[in-house]
Amino acid sequence: MPFLHMLPDVGMNYTFNRPLLDGTSPARLRELSAIAPRIKDYDSWHAVWLEVAKKAEAEKRWPDAASYYHGAEFYLPAGEVRNGLYDDFARTWALGMKGVAGYERIAIPYPGGNLPGFRLQAKGKERSTLIFTGGYDSFVEEFYNFLLPLTELGITVIAFDGPGQGGALRQGIYMDHAWEKPAKAAIDYFELDAVDWLGASCGGYMSIRAAAFEPRIKHIISMPTSYSGLDMTLKQMRPGKAQELISLFKAGDCKGTEALVARERLPSSIFEWCVVQGMHITGTKTPWDFLMAIAKHSLDGILHNVKQDILLTEGEQDHLFDVGWVHRTMRELVCARSVTTRIFTAREGAEQHCQLGNSAVARHAIVHWLASFYPGMPVGRSAETSLAA
């Protein structure tokens, strides 16, 4: 199903598309297209998503209910209401996956609790283990349908929420720029000697950061390539304001920075969401503290540590990230064993952030790239048919 233009706001329209593109789109489209005209701002967004979530739960449509609860909590500030909606999401997701063959719930021990997720065993001969983590706003479960077809190709998938994400965040485990910490925890827990790593959205930064300090990661997929934690927030500011914010921030002008952020926090804007979500995942209480925390998420000065094979991706019309960062990343990967870059286009229907609209194209590109390291991986016509299912 192509990327749909249902809402006038770019950010809300993108988020609206997310539950439509995970394998159950036709049925959901009929239900969700009816609520689109009622969405005007973040308040009305919350109300209508909560309404359809409760309806789906009452009808025991557990996967739909879980997806809609994720929608209902998406734009809320940190607090008990949002926490409660995550619990509703987790509960209905678990009901939907109960008894599903091949789905194994996992909980990786970690300081402060655990990193929850799932494991999908490769079907037939196992060729590799791929670890997946998401980014700034995702719950790992929403990638289940994207990841499941990989098992048909001999790939065992381990997917989990890291610090600042989903079930880990619900335990008070806040986002950490040093993604090698959860990487080590996961690899140690499963006693693995070699893994591939796929990071989506801001996970594109995290996958590279983890590999820079964790040699057991052999092949890296950064989808898309994220270089700077500040990038997404700055990109959402009005012309000239990003430069002003950086000047104030680097000068240590807390008062000036906070004042500028307050002026830029237009109601129901992507910038407003970046700040609210950023404070939520970092456990900070002020925009200044959030900026201080997210500024640590940077590949500056560490890319020479990456010695693995790496695939960098980006969508040419990514509304969240600066597409140009991929070029800087390429230039600085001077010690990588190999560097491959793939820019997805509008002609492919994959121009959006994380290729929403045609995620199968991204999956095909990832599989064909991985196949060069695993002789015999079935990436011909039959494999593409299974991946598109």
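**View 1. S201 lies in the loop between β5 (195–200) and α9 (203–213).** Its phi is near 60°, a positive value in a residue other than glycine. S201 is buried, at 11% relative accessible area (buried means under 20%, exposed over 50%, partly exposed in between; 1.4 Å probe, protein chains only). Helices (H or I, at least four residues) and strands (E, at least two) are DSSP runs, numbered from the N terminus. The model is predicted: local features need pLDDT of at least 70, side-chain atom pairs count only at pLDDT 80 or more, and totals for chains, interfaces and linings use all residues. Residues are numbered from 1 along each chain as its sequence is written, and side-chain values use heavy atoms, leaving out hydrogens and water.

**View 2. K60 sits in the loop between α3 and α4.** Phi of K60 is also positive, near 60°, in a residue other than glycine. K60 counts as exposed because its relative accessibility is 59%.

**View 3. Helix α5 spans residues 80–97.** Its 18 residues reach 26 Å from first C-alpha to last, close to the 26 Å expected at 1.5 Å a residue (1.5 Å times one less than the number of residues). Buried residues of α5 are R82, N83, L85, Y86, F89, T92, W93 and M97. Their cover includes α3 (42–58), α4 (62–73), β1 (103–110) and α13, where contact means heavy atoms within 4.5 Å. Just after α5, G99 takes a positive phi of about 80°.

**View 4. A cis peptide bond joins M223 to P224.** Omega is near -5°. P224 is found in the loop between β6 (217–223) and α10 (231–235).
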